Amino acid sequence: MGPGDRQIWIERVLERLASSRQAPEADPGSKTRQRRPSARVANSSSPAKPISKRAATQRRTAPAKPPKAPESLDTPIKDLGIVTRPTVGKLSRAGVTSLRELLWHFPRRHIDYSSPTKIANLEIGAETTVVGHVVRTEKLSIGRSGAAKVLVNDRSGLLSATFFGQPYLADSLKPGTDIALSGKVDAFRGQAQLENPEYEVIGRGSDGLTHAGNLLPVYPSTEGLAQRTLRNATRAAIDMSRPLLADSLPESIRARHAMPGLRQAISDMHYPSTAADAQTAHRRLAFSELLLNQLLVLRNRHAWQSRKSSLQISDGIERTEKFLAGLEFELTEDQQQTLNRILEDMASGVPMARLLQGEVGSGKTIVALSALLAVATSGYKGAFL
């Protein structure tokens, strides 16, 4: 079970225990007595006794380090308690060392498994999702690690799924378990089957499938870092980072451009409900990136203009007049206006930052050469590339 399912399981056990303590039960001796909670409910071999919520939670989660609420988006992955120590090293090799980097470790693409297919309607070679219940499991002696074979029934037919290198799944996926399988349909001896499909156990209280039955994210990875591990990590990161994600884009701008908030955009980049949601999220984050880039440019330009410490070519126009007069043609009005603006910038004492644009043959070269001449004849060095 994931953390959410474990919590729901514990709450239901506690509710059942509480109700069993309160409900009277008829006694053969014509008296009433309180029913004592069964020790089996809590999976304990100790004598039956009331179990506090805290004790039950600690007992259930003791084997694993509980997730820790991050102080900031820069909290290291190793301090979050959402992945094992070996996985921390693998994530580091993939360039992911903090909560922020994990959130922005976006999928390369999504595989659409959002529409389940009946087993009777499967097509060989198609990417699909099947939802059914496990009817039989077995371990196979294949390769060095072995494999697990799971037989699934969705009332329209039977489908076998083979998990190579994961024989333990034969023990964890018990008969009767409701499950979603997603992958490419192959054929073995004329029968459809799935090899190493993504799977998700479907239980009560589930708030959405992470690994199967949806738009499945495919992440940039590194050797030994499984996609399932990345999906579990990003799911946990999204949940724990919500209080920390402050949206720098004002609501008025988001409304004007029909863009989601930052929290929703990041969630939809990883786990969108539809392909359109993923596109909208990508557009929102791209917009924010470009906007911040432009704001930095403007800030740097303001800093340049405030500094006023550049060289001054105060007589640039006079220094170019003789050169221009010796040409076999006259500058066009646009060319002359452009050159004048450049020379004025060079005389202002403020560092110039201009981009000269024009089609082939429009006169960019003569304008640039004239500006270079003004620099050189003033005793400074310049470069023409």
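How many helices and strands does the chain have? The chain has 12 helices and 10 strands, assigned as DSSP runs (H or I of at least four residues for helices, E of at least two for strands) and numbered from the N terminus. The model is predicted; local features need pLDDT of at least 70 and side-chain atom pairs pLDDT 80 or more, while totals for chains, interfaces and linings use all residues. Residues are numbered from 1 along each chain as its sequence is written, and side-chain values use heavy atoms, without hydrogens or water.

Of the 385 residues, 32% count as buried (under 20% relative accessible area, with exposed over 50% and partly exposed in between; 1.4 Å probe, protein chains only). Contacts require heavy atoms within 4.5 Å. Among contacts in the chain with a separation of 6 or more, 56% join residues 24 or more positions apart.

Helix α12 (residues 364–376) packs against helix α11 (residues 333–347) at an angle of about 30 degrees. Their axes lie 10 Å apart. Axes are lines fitted to C-alpha atoms, for helices over the stretch in contact, and angles run from 0 to 180 degrees between N-to-C directions. The two helices are therefore roughly parallel (under 35 degrees; over 145 is roughly antiparallel, 65 to 115 roughly perpendicular, and the rest oblique). On the α11 side, the contact is made by Gln335, Thr338, Leu339, Ile342, Leu343 and Met346. Val367, Ser370, Ala371, Ala374 and Val375 contribute from α12. By class, this contact holds eight nonpolar, three polar and no charged residues. Ala, Val, Leu, Ile, Met, Phe, Trp, Tyr, Cys and Pro count as nonpolar, Asp, Glu, Lys and Arg as charged, and the others, Gly among them, as polar.

Helix α10 (residues 316–325) also packs against α12, at about 125 degrees and with axes 9 Å apart. α10 and α12 are therefore oblique to each other. This crossing is right-handed. Gly316, Arg319, Thr320, Phe323 and Leu324 of α10 meet Ile366, Leu369, Ser370, Leu373 and Ala374 of α12. The contact of α10 with α12 comprises six nonpolar, three polar and one charged residues.

Serine 182 sits in strand β7 (residues 178–188). Its relative accessibility is 1%, so serine 182 counts as buried. The side chain of serine 182 makes a polar contact with the side chain of threonine 129, at 2.6 Å. A polar contact is a pair of N or O atoms within 3.5 Å; within protein, one must be able to donate a hydrogen and the other to accept it, and residues adjacent in sequence count only if both atoms are side-chain atoms.

Definitions and conventions:
A crossing is left-handed if the near helix is turned anticlockwise from the far one by less than a right angle, and right-handed if clockwise.
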